[in-house]
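Colleague: Thanks for sitting down with me. Could you put the model up so that we can go through it together?

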Amino acid sequence: MKALILMLPFAVPGCLPDAGAEVVPTGIPEAMQGRWGLTATECTADPAIAKGLMVVEGDTLRFYESRGVLESVTGGSDSELQGHFVFAGEGMEWERDLVLTLSGGGDRLTRIDTGVDENAGSFDYVRCAE
């Protein structure tokens, strides 16, 4: 069976994204990916003991004793991600809504954890040199 391709010589209103509209990411934006430390010292410490180190990958946040996988994106832009993460570590599993915000020309990352326990709060990271 052959596919029929219809080519329109004009744009159909409502079918193309608005050029000024921000695109909501489908994963963790590439600009946020990499190694981040709560302090610059965390970046140079042995990763086995760097408790303030966070490694950000395509859909995962890795910490000293846990990792969170992005389950769904609830909002954001190139410099912000709002998402629901499923975490596992130390024999436990939990879920969190997080906001990640990139600033400082890409050298700062803020993680806002909306949980109700001791892990809730705002955490500011510096980008580790590669």
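Colleague: What is the handedness of the link of Cys43 and Cys128?

Modeller: A word on the source first: this is a predicted model, where local features need pLDDT of at least 70, side-chain atom pairs count only at pLDDT 80 or more, and totals for chains, interfaces and linings use all residues. Residues are numbered from 1 along each chain as its sequence is written, and side-chain values use heavy atoms, with hydrogens and water left out. A disulfide is a pair of cysteine sulfur atoms within 2.5 Å, and those of Cys43 and Cys128 are 2.0 Å apart. The angle about the S-S bond is -75°, and the link of Cys43 and Cys128 is left-handed.

Colleague: Which parts of the chain does the pair link, and how many residues apart are they?

Modeller: Helices (H or I, at least four residues) and strands (E, at least two) are DSSP runs, numbered from the N terminus. On that numbering Cys43 lies in helix 1 and Cys128 in the segment after strand 8. These are distant parts of the chain, and the two cysteines are 85 residues apart.

Colleague: Are Cys43 and Cys128 buried or exposed?

Modeller: Buried means under 20% relative accessible area, exposed over 50%, and partly exposed in between, with a 1.4 Å probe and protein chains only. By that rule, Cys43 and Cys128 are both buried.

Colleague: Why does Thr39 count as partly exposed?

Modeller: Thr39 sits in the loop between strand 1 (34–37) and helix 1 (40–44). Its C-alpha atom is 6.5 Å from that of Val126, which is 87 residues away along the chain. Thr39 counts as partly exposed because its relative accessibility is 39%.

Colleague: Which residues do ring pairs link into a cluster?

Modeller: Rings of Phe, Tyr and Trp (its six-membered ring) pair if their centres lie within 6.5 Å; planes under 30 degrees apart count as stacked, over 60 as edge-to-face and the rest as tilted. The whole structure has three aromatic pairs; one of them is Phe63 with Phe87, tilted, at 6.2 Å centre to centre and 35° between the planes. Phe87 and Trp94 form a stacked pair, at 5.6 Å and 5°. The cluster is made of Phe63, Phe85, Phe87 and Trp94.

Colleague: Which strand gives the most to the lining of the largest pocket?

Modeller: On a 1 Å grid over the protein atoms alone, a pocket is an open set of points where a 1.4 Å probe fits, with protein on both sides within 12 Å along at least five of seven lines; lining residues have an atom within 4 Å of a point. The largest pocket holds about 580 Å³ of space. Its lining has 20 residues, with Phe63, Ser66, Trp94, Arg111 and Asn119 nearest the centre. The top contributor, with three residues, is strand 6.

Terms used
Points joined across faces, edges and corners; volume = space filled by probe spheres on them.
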